[in-house]
Amino acid sequence: MKLLHKDIEKDNAGQVTLMPEEAEDMWHTYNLLQVGDSLRASTIRKVQTESTTGSVGSSRVRTTLTLCVETIDFDSQACQLRVKGTNLEENQYVKMGAYHTIELELNRKFTLAKKSWDSVVLDRIEQACDATQKADVAAVVMQEGLANLVLVTPAMTLLRAKVEVTIPRKRRGSCTQHEKALERFYEAVMQAILRHINFDVVKCILVASPGFVKDQFITYLYKEAVRQDNKLLLENRPKFMLVHSSSGHKYSLKEILSDPTVTSRLSDTKAAGEVKALEDFYKMLQHEPDRAFYGVAHVERAADALAIDTLLISDLLFRHQDVPTRSRYVRLVDNVRDNGGNVRIFSSLHVSGEQLTQLSGVAAVLRFPIADLSEPEDDSSDDD
């Protein structure tokens, strides 16, 4: 994401002009947008024209519109973002108050105006525009006949390809059918890697499976790379890392990212940091339950006692349409930061973020134990 212009007043009102440069920037933009914001961008509008003879035709024209945002629709697999709202500035093609849907596009700038820019949104812009945040990881989670190719970016876990091949069982005296099917399967996985992994960006490719499937696949991959003289695979050989997983399903990714050898290899990625923070929380919950709490009411009380060392919070909570509820979470983040605590905002599209959502989206590791926080939560925690 490129920040082209930023104009925010002392009262936190103002606007920013941004240009999304890659698919993940659409996810960041989705998290920046709120109902009631003003969005100005280039878009295509279908316009009806009437000729002097009275015949009616229609044509598509590109125009720039400013919408008051009403609905935001994000497709996480395609990374497409559509914003629907009413037109705020009349032009020759669109009347004031007319509805229109803008689909934001890569490498095309947009301007977003808000009545109030809070600290969480401003941090999101900083994160999206920081090139060092792009230390990406790819993972191939596999078992015999099934492979999931996943891209792990700083903000998302994206399934890019799923390979399924029926593998017949070995028969007594003949393994030919079994071995041919395995070769077809390995070939399909290799093609998926070549098609979906950008080796210029990806720093590490995790290959995980139960048993020896991963080892057999890597042997096949290198043998084919030499046979075909595939320089891309041969040059990037050091990026491949073999890890054990309990299955070839996507959910095994959490277990892979928790592996200490993987964590040290991925130490420069935000993804690894989030997984470790969640792991630390669970360990604390198990061994020192008076220093680990979840649920907004408990965590707020710990923050008021200046006890929070690390706050874990899902970005899902900042997309709440109710302004007072959203402000409550922003206040919590500001409170923890002001008192020297660490704040980790988890992406709800990440495996670690999905897990945090099951804990009501907010958890904290405390500097010191507070025993009386373990009372039942009040009703105020139910509004998220």
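Helices (H or I, at least four residues) and strands (E, at least two) are DSSP runs, numbered from the N terminus. What you are looking at is a predicted model, so local features need pLDDT of at least 70 and side-chain atom pairs count only at pLDDT 80 or more, while totals for chains, interfaces and linings use all residues. Residue numbers start from 1 along each chain as its sequence is written, and side-chain values use heavy atoms, with hydrogens and water left out.

**Stop 1: helix α4.** Select residues 213-228. This helix has 16 residues and reaches 22 Å from its first C-alpha to its last, close to the 22 Å expected at 1.5 Å a residue (the expected span is 1.5 Å times one less than the number of residues). Now colour the buried positions (buried means under 20% relative accessible area, exposed over 50%, partly exposed in between, with a 1.4 Å probe and protein chains only). In α4 they are Val213, Lys214, Phe217, Ile218, Tyr220, Leu221, Tyr222, Glu224 and Ala225. Show β8 (136-143), α3 (176-196), β11 (202-209), α5 (231-235) and β12 (240-244) too: these are among what covers the buried residues of α4. Just after the helix, click Asp229, which takes a positive phi of about 55°.

**Stop 2: the cores.** A nonpolar core here is a set of buried Ala, Val, Leu, Ile, Met, Phe, Trp, Tyr and Cys residues joined through side-chain atoms within 4.5 Å. The largest one has 32 residues, and those with the most contacts inside it are Met142, Phe185, Val189, Ile193, Ile205, Phe217 and Phe240. β8, β9 (146-152), β10 (157-164), α3, β11 and α4 each supply at least two of its residues, with α3 giving the most, eight. Zoom in on Ile193: leaving aside neighbours within four places in sequence, Ile193 is in contact (heavy atoms within 4.5 Å) with Val140, Leu149, Phe199, Phe217 and Phe240. For the second, separate core of 29 residues, select Leu33, Phe110, Val121 and Met156, which are included in it.

Stop 3: Thr29 lies in helix α1 (residues 23-32). Is Thr29 buried or exposed? It counts as buried because its relative accessibility is 1%. Not counting residues up to four places away in sequence, Thr29 touches Met1, Leu81, Leu104 and Phe110. Next, jump to Val262 in helix α7 (residues 260-265), which is buried at 0% relative accessibility.

**Stop 4: α9 against α10.** Select residues 296-304 and 323-338: these two helices, α9 and α10, pack at an angle of about 35°, with their axes 10 Å apart. (Axes are lines fitted to C-alpha atoms, for helices over the stretch in contact, and angles run from 0 to 180 degrees between N-to-C directions.) On the α9 side, the contact uses Val296, Ala297, Val299, Glu300, Ala303 and Asp304; on the α10 side, Arg328, Tyr329, Leu332, Asn335 and Val336.

**Stop 5: positive phi in loops.** Most residues other than glycine have a negative phi. Go to Asn12, in the loop between β1 (2-8) and β2 (14-19), where phi is near 70°. Asn12 counts as partly exposed, at 34% relative accessibility. Finish at Leu306, in the loop between α9 and β14 (308-314): its phi is near 55°, and Leu306 is partly exposed, with a relative accessible area of 44%.
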